[in-house]
Amino acid sequence: MTATAMNLKGANLESAETPTQNEESADSLLQIRNLKKRFSLSGDFLEQLRFKGGKLVRHREYVHAINGVNLDIKRGEALCVVGESGCGKSTVARTVMGLLTPTEGEISYAGQRIDNLSSRELLPFRKRMQMIFQNPYASLNPRMTIQQTLEEPLRLHHPDWNRLKVQEKVQEVMSSVGIDPDWGKRFGHEFSGGQRQRIAIARALAVDPEFIVADEPISALDVSIQAQVLNLLMDAQRDRNLTYLFITHDLAVVEHFGTRVAVMYLGTVCEIATTATLFNKPRHPYTQALLSAIPRLEDDRPQHIRLKGEVPTPVNLPSGCVFHGRCPYANARCRQETPTLVTQLDGTRVACHAVEEDRL
Amino acid sequence: MTIPTVTQSSSQTTRPRIPSRWERLRDSYLWYSFKRDHTAQLCLAIFIGLVIVAFASPLLAPTDPYDLRQIDIMASELPPFWIDGADERFILGTDAQGRDLLSIILYGTRVSLLIGFGAVILQALLGVTFGLMAGYLGGRVDALLMRLADIQLSFSTLMVAIVVGAVVKATMGGAFYSEYAVIMLILIIGLAEWPQYARTVRASVLAEKNKEYVDAARVMGLRSKRIMFRHVLPNTLSPIFVISTVQIANAIISEAALSFLGLGMPETHPSLGSLIKSGFDYIQSGSWWITLIPGAVLVILVLSINLLGDWLRDVMNPRLYKG
Amino acid sequence: MALLEVTNLDVRFGLRQGEVRALRDVSFTLERGERLGIVGESGAGKSVAAFSLLNLIGKPGFIAGGSITFDGLELNSMSERALRKVRGNRISMIFQDPMMTLNPVLSIGEQMVECLKAHRRISSKQARAIALDKLQQVQIPSPETRLDQYPHELSGGMRQRIIIAIALLLDPDIIIADEPTTALDVTIQAEIMALLLELCEQHNVGLILITHDLGVVSQVTQRMLVMYAGRVIEQGPTREIINDPQHPYTQGLINALPQMATPGERLNQIRGSMPSLSNLPDGCAFHPRCDFINKANGEPRPACVQKVPEFVDSGNCRVACHMVAEMQEDRRLKLEEIS
């Protein structure tokens with residue numbers, strides 16, 4: 001009953017739910033409300049002009065990277081965002097960190113809106129929120145020594161610290177990630193991929209942040225090194241009481257690392273649940289397909305759910321549910337009406353008409 | 001498939017030993033390829049040799065060609081030592097005014113190099129600043145600066161120089177022009193060629209800007225100016241370095257061309273270009289050395305710089321050796 | 001005799017810092033229709049091993065020793081001309097990046113026809129018919145239109161299917177697939193792997209699958225090699241190695257997977273990282289990271305430091321580790337204790 005009622009409301013409002021509907025907002029550290037981001041494909045004004053039927057028309061095309069995402073990240077948790085390439089998960093991370101400005105929507109950190117702040121006003125937040133990047137080979141400035149790389153954020157955020165204090169802090173943070181502080185005078189390229197990622201983590205931890213956005217931090221690393229870095233991130237969370245927004249495509253990592261999981265498809269969130277619930281009882285057809293596709297050591301034969309076709313381009317979004325083209329349960333309603341996230345009895349929130357109607 | 005690379009970092013158990021700057025240079029690819037390339041070695045030797053000799057010309061030159069008292073008009077057009085009729089005081093002979101050719105070439109090379117370096121420093125300052133701003137800030141700034149560069153490039157350097165030179169000469173008078181000729185030439189050549197730098201820098205800034213270390217610097221909260229100059233600029237140095245060698249050679253040639261046209265250095269303080277010009281009238285009358293010897297020096301200087309530039313470009317272009 | 005037999009393959013790279021040995025003493029066999037996985041981390045030499053089979057390693061690499069026998073032919077000493085008849089024709093390759101194989105300026109059809117005509121004396125029409133058939137086999141929707149499309153018009157998954165169709169074009173005996181699905185998304189990856197497996201079984205084609213993903217290897221291959229720092233350290237039936245790895249490195253790799261640990265707990269990591277090939281430790285290359293050390297003083301066993309381990313038979317597997325017997329003894333004692 002509640003499910004249909006909420007769904008009707010959602011359908012009328014069209015743009016997902018309003019904050020009042022959300023019982024989770026109270027203890028959340030970061031709130032993302034109806035976030036949209038599109039990128040122009042058409043270049044500058046002159047390139048947009050086209051001749052159509054004898055008239056000069058301004059023609060613009062957009063990539064719709066995120067289309068109305070709502071997320072709440074609670075203090076102390078690790079929220080994992082999973083999805084395939086092009087689903088907008090990295091765009092969410094970069095928008096949260098202010099590397100991109102949202103086209104629409106709001107982002108609040110600890111109750112204060114941060115998406116419309118100037119870079120000067122954002123400075124105090126930069127100390128509290130930090131980011132770890134995917135490619136350890138590109139995320140360290142090749143012309144700076146490790147010492148310089150790690151000192152820079154400290155000097156910026158603690159202008160009152162003297163030289164000695166800065167150096168002490170650098171040494172401390174280096175040993176906390178397992179890099180010998182004596183290596184400080186070396187350059188990034190003299191380290192292996194795993195060590196570089198440790199240094200990148202050290203840079204993020206140097207200003208003692210409380211919230212860290214990690215954008216695919218282990219996917220460029222080798223298997224044995226992945227475990228080391230993942231352990232390091234988990235130790236840091238425990239020791240420093242960190243909150244993570246963890247972006248990844250690797251579901252095995254999510255199962256191990258995440259407190260809650262948000263599954264994204266084509267710029268929308270299709271399911272949010274606690275990790276255990278999601279892996280035991282995936283609701284959304286896409287989540288089910290995604291889970292069945294993980295290559296496991298145990299089974300001898302892959303028994304995965306085969307999806308039709310491939311992810312459509314985010315330039316021309318499909319009408320209705322973005323997943324309907326590949327969904328085995330899609331019907332006429334799915335093709336027309338956009339589903340909204342609906343809370344299930346166990347707290348899982350799913351955006352799927354088939355789940356609502358109990359067709360699955 | 002990747003070719004196994006050899007990293008210097010050894011296992012974590014050993015005590016780290018920080019290599020000094022000299023050791024880093026010694027282990028670098030730059031030094032390795034320099035050791036194997038004899039052309040580059042020869043060119044560098046010639047170039048450094050010429051620079052030292054030119055800037056030490058007041059000490060090395062047998063006479064001071066700027067000092068009118070030391071000039072003996074009777075000793076004009078004397079041939080170099082290997083030709084009959086040479087005077088032993090003048091190893092390379094004398095010019096039409098009786099100045100010792102060796103001395104005047106040494107002083108002339110100094111003037112040419114001074115203008116070359118000066119113009120390139122000016123070009124680099126302008127071009128790097130504009131290129132960085134255009135590449136990093138993007139949008140309107142980029143469009144404005146790059147259109148400006150396009151306009152600048154659509155006039156040839158010589159044309160701009162001739163027009164500016166002629167206007168200054170006409171308004172301020174020839175004496176003024178002669179007095180400030182070095183500064184004028186540096187300004188003219190420097191202003192005319194900054195788009196070369198701006199374009200090169202902008203292209204590599206665009207490539208660097210998307211790398212994650214720049215994002216990391218932004219996430220840290222650093223201001224644009226610091227990111228541009230502290231993070232992006234040092235990583236665009238290799239193309240700047242390469243283009244600088246070519247530009248020095250170009251600037252020296254431009255200066256020579258302007259001087260040859262009479263818009264450069266005055267005869268009293270000649271550069272290599274004006275020496276070639278002043279001797280050009282005597283080439284028919286048998287005194288070929290007045291023009292050909294400075295000409296040869298100019299060619300050797302420019303050729304060695306250009307060959308060095310070629311070698312640098314090969315070394316610093318990662319595509320050629322990393323593949 | 002096996003279809004493909006590699007014995008003591010030795011590959012080196014002449015770099016300015018000196019010669020680097022990328023492969024040492026690599027030996028393995030592949031039966032007709034068998035699927036073999038080569039597993040290892042980056043820098044372990046798995047790709048070099050695959051490329052050297054067809055003598056495709058470019059300068060400064062070269063094969064310094066060993067033999068590669070394929071169906072009675074010695075590939076290592078073969079002329080480039082004769083080798084070309086084997087490449088693509090009897091042994092074909094699938095690369096991680098489809099654009100390495102596909103020429104962006106030729107249509108799919110043109111590329112497939114060209115490839116067929118290079119190896120067989122057939123008309124363009126016949127070649128096109130074969131190409132169409134292969135595209136149908138890889139389950140590409142509307143194959144006729146695909147023939148006239150260009151690579152950039154297709155999605156990543158579609159391109160990789162085309163690559164598989166091209167690899168199958170000349171009905172090869174062996175397909176070498178180098179990380180064929182690493183660049184793809186999870187759902188597409190699963191489909192491509194299933195397709196490759198199905199086609200190999202159907203046509204009795206041998207497969208050498210190079211990957212870092214133990215999950216993929218365990219699902220697709222029958223036998224596997226584990227490589228570390230240029231050497232094979234363990235080989236045998238895939239199931240047996242996955243279920244009961246003998247070499248400490250293989251054990252470490254499998255145990256480091258997130259699915260092997262309780263959610264929220266620390267993962268079982270291997271210490272350190274792989275040594276660079278130019279600076280290998282003495283003895284067993286894995287000994288600085290190995291957990292199987294002398295418990296009394298925390299030092300590695302003398303044998304591990306002094307001597308490169310020989311292969312030891314352990315059931316159906318072969319393991320290059322000095323400590324296999326001891327480890328098995330340890331485990332037996334533990335089991336006895338429990339019972």
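This is a predicted model: local features need pLDDT of at least 70, side-chain atom pairs count only at pLDDT 80 or more; totals for chains, interfaces and linings use all residues.
Let's start in chain C, where strand 1 (residues 4-15) and strand 2 run antiparallel and are joined by 9 bridges.

- To find one pair of facing residues, look at F13(C), which stands opposite V20(C) in strand 2 of chain C.

**Chain C as a whole**

- In secondary structure, chain C comes to 12 helices and 12 strands.
- The C-alpha trace of chain C spans about 75 × 45 × 40 Å along its principal axes.
- The domain assignment of chain C gives domain 1 (101-169) and domain 2 (248-338).
- Taken over C-alpha atoms, the centres of domain 1 and domain 2 of chain C are separated by 46 Å.
- An unreviewed UniProt entry carries the annotation "domain: ABC transporter" for residues 4-254 of chain C.
- That span, residues 4-254 of chain C, is 39% helix and 28% strand, and its end C-alpha atoms lie 28 Å apart.

**Where chain C meets chain A**

- The contact takes 35 residues from chain C and 34 residues from chain A.
- On the chain C side, helix 7 (186-203), helix 8 (214-220) and helix 10 (248-255) each supply at least two residues.
- Helix 7 of chain C gives the most to this side, with 8 residues.
- By class, the side of chain C that touches chain A has 16 nonpolar, 14 polar and 5 charged residues.

**An eight-stranded sheet in chain A**

- Chain A has an open sheet of 8 strands in the order 8-9-10-5-11-12-14-13, with mixed pairing.
- Its edge strands are strand 8 (129-132) and strand 13 (342-343) of chain A, each pairing on one side only.
- Strand 9 (residues 211-215) and strand 10 (residues 243-248) of chain A pair in the parallel sense over 5 bridges.
- The bridge partner of D215(A) in strand 10 of chain A is I247(A).
- Helix 7 (residues 193-205) of chain A packs on the sheet, touching strand 8 and strand 9 of chain A, and its direction makes about 175° with that of strand 8 of chain A.
- Helix 11 (residues 285-292) of chain A also packs on the sheet, touching strand 11 (260-265) and strand 12 (268-274) of chain A, and its direction makes about 105° with that of strand 11 of chain A.

**Annotated spans of chain B**

- In an unreviewed entry, UniProt places the feature "transmembrane region" at several spans of chain B, including residues 111-136 and 288-309.
- Residues 111-136 of chain B are 100% helix and 0% strand, with end C-alpha atoms 37 Å apart.
- Residues 288-309 of chain B are 95% helix and 0% strand, with end C-alpha atoms 31 Å apart.
- UniProt (unreviewed entry) also places "domain: ABC transmembrane type-1" at residues 109-309 of chain B.
- Over residues 109-309, chain B is 83% helix and 0% strand, and the end C-alpha atoms are 20 Å apart.

Technical notes: Residues are numbered from 1 along each chain as its sequence is written. Chains are lettered from A and ligands numbered from 1 in the order in which they are written. UniProt positions are given in the numbering used here, feature names are shortened, and annotations may be inferred rather than shown by experiment. Helices (H or I, at least four residues) and strands (E, at least two) are DSSP runs, numbered from the N terminus. Domain bounds come from an automatic or database domain assignment. Two residues are in contact if their C-beta atoms, placed from the backbone, lie within 7 Å. Ala, Val, Leu, Ile, Met, Phe, Trp, Tyr, Cys and Pro count as nonpolar, Asp, Glu, Lys and Arg as charged, and the others, Gly among them, as polar. Two strands pair if DSSP finds at least two bridges between them. Axes are lines fitted to C-alpha atoms, for helices over the stretch in contact, and angles run from 0 to 180 degrees between N-to-C directions.
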